[in-house]
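Take a moment to look over the fold before reading on.

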Amino acid sequence: MLLAGDATALPAVNSWLAAIPAHVAVRVLIEDGHPDTGALPRTARPASAAPADWAWVAPTADRGAALARAVHAQAPPAPGLYVWAAGERALVKRLRTVLRESLRLDRSRCFTQYYWIDGRSAG
């Protein structure tokens, strides 16, 4: 399973990590350029579980481009692969393109959702 997004997706990523069966290997890719990523909360999987492999992707000026490249490079199509991704709208749009066009994942094998839009207030 691959979980991807920006820092706003961390609460959901941590919920996923707590719910994913122990035998499932998990890769987490988060696009975030802050120097304190080590201080951000990460759900630990039980010692008996397949480990969660975390990677922080440094953003570029083109939001989501670096994460899309990382997902493309680190999530080759494989039987049983499921991808969940969330974050800012432009980032999620880039990920959808990679998942559907480059990796050719069926819609049943991935879920994407954007939480916010850069430049717009939440009210």
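A residue is called buried when its relative accessible area is under 20%. With that cut-off in mind, we can turn to strand E4 of this predicted model, which is mostly covered, because 6 of its 6 residues fall under the limit and are buried.

What does E4 pair with? Strand E1 runs parallel to E4 and is joined to it by 4 bridges, and within this pairing Leu-2 stands opposite Val-83 in E4. E4 also pairs in the parallel sense with strand E5, which covers residues 110–116, over 6 bridges, and here Glu-88 stands opposite Trp-116 in E5.

In soluble globular proteins, nonpolar side chains tend to be buried together. In this model, the largest nonpolar core has 22 residues, and those with the most contacts inside it are Leu-29, Leu-67, Val-71 and Leu-95. The elements that each give two or more residues to this core are the strands E1 (2–6), E3 (52–57) and E4 (83–88), together with the helices H2 (65–74) and H3 (89–102).

Val-71 lets us follow the packing in detail: leaving aside its neighbours within four places in sequence, Val-71 is in contact with Leu-2, Ala-4, Leu-29, Leu-95, Val-98, Leu-99 and Leu-103.

Note on methods. Residues numbered from 1 in each chain as written. Predicted model: local features only at pLDDT ≥ 70, side-chain atom pairs only at ≥ 80, totals over all residues. Heavy atoms only, no water. Core = buried A, V, L, I, M, F, W, Y, C linked by side-chain atoms within 4.5 Å. Buried < 20%, exposed > 50% of the residue type's maximum accessible area, 1.4 Å probe, protein only. Contact = heavy atoms within 4.5 Å. Pairing = 2+ DSSP bridges.
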